[in-house]
Amino acid sequence: MATRNRQALRDLQTRLAGRLQQARTEGVSASWLAVESAGRSMLLPLAQSGEIFPLAAVQTVPYTQNWFLGVANLRGGLFGVVDFASFVTGQTPMRRSDSAREQARLVSLNPALEINCAILIDRLSGLRNAQDFVSRDDAAIDAPSYFAGAYTDRNGKLWQEINLQAMSNQADFLTIMAT
């Protein structure tokens, strides 16, 4: 069963990578990479997202914020790894079971953002475009500045758009040393 699940996850990742590449080269109408993290559904703009990687070995860095997991070698580049759920919620990173680690992915930020960073998400949920949603609301007044619109899909599920560029420019995001 575990082998079948791994193969299904690999197939999903291969399809998503193909669709991401197609979206970039052919102008397909997909606007977001849909992900789930800490029980929240989030939309990452394709133009601000980079590559998707399986969860790699992360080397911890001492004296950093608890949401900064360390650094990883991704395709020969050194990337800082942020536990996305922990950063967004402010809570201590959760321990993931082996099956949860199999579904977890690292999503790098687009190189145009000029920050070698990857965010750890719990699972990929595919690609979405504006036609997949029935309504859009502005971010709550007390929401972080990198929260863009909140979208509701046809099933009533709420999706929070995350402006990765705004997040990557936040002083809180850039200050990884523990205080």
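User: Is Phe87 buried or exposed in this structure?

Analyst: This is a predicted model, and in it Phe87 has a relative accessible area of 9%. Buried means under 20%, so Phe87 counts as buried.

User: What does Phe87 form an aromatic pair with, and how do I read such a pair?

Analyst: Here's the general idea: you describe a pair of aromatic rings by how far apart the centres are and by the angle of the planes. In this case Phe87 pairs with Phe173, with 5.2 Å centre to centre and 85 degrees between the planes, which makes the pair edge-to-face. Phe173 is buried too, at a relative accessible area of 4%.

User: Which parts does that pair tie together?

Analyst: Phe87 sits in helix H2 (residues 84–89) and Phe173 in helix H5 (residues 171–174), so the pair links parts that are 86 residues apart in sequence. Both rings also belong to one aromatic cluster, along with Trp67, Tyr146 and Phe147.

User: OK, on to pockets. Which residues lie nearest the centre of the largest pocket?

Analyst: The idea first: roll a probe the size of a water molecule over the atoms, and you see where empty space is left. Here the largest pocket holds about 300 Å³ of space. Its lining has 16 residues, with Leu55, Val58, Leu69, Arg101 and Leu120 nearest the centre. Sorted by class, the lining has ten nonpolar, two polar and four charged residues.

User: What is the bridge partner of Leu106 in E7?

Analyst: That's Leu120, which also lines the pocket. Strands E6 (residues 105–109) and E7 (residues 117–121) run antiparallel and are joined by four bridges. They're part of an open sheet of five strands, in the order E3-E6-E7-E5-E4.

Key. Residues numbered from 1 in each chain as written. Predicted model: local features only at pLDDT ≥ 70, side-chain atom pairs only at ≥ 80, totals over all residues. Heavy atoms only, no water. 1 Å grid on protein atoms, 1.4 Å probe; cavity = no way out; pocket = protein on both sides within 12 Å on 5 of 7 lines; lining within 4 Å. Points joined across faces, edges and corners; volume = space filled by probe spheres on them. Nonpolar A, V, L, I, M, F, W, Y, C, P; charged D, E, K, R; others polar. Pairing = 2+ DSSP bridges. Helix = DSSP H or I, 4+ residues; strand = E, 2+ residues; numbered from the N terminus. Phe/Tyr/Trp six-rings, centres within 6.5 Å; stacked < 30°, edge-to-face > 60°. Buried < 20%, exposed > 50% of the residue type's maximum accessible area, 1.4 Å probe, protein only.
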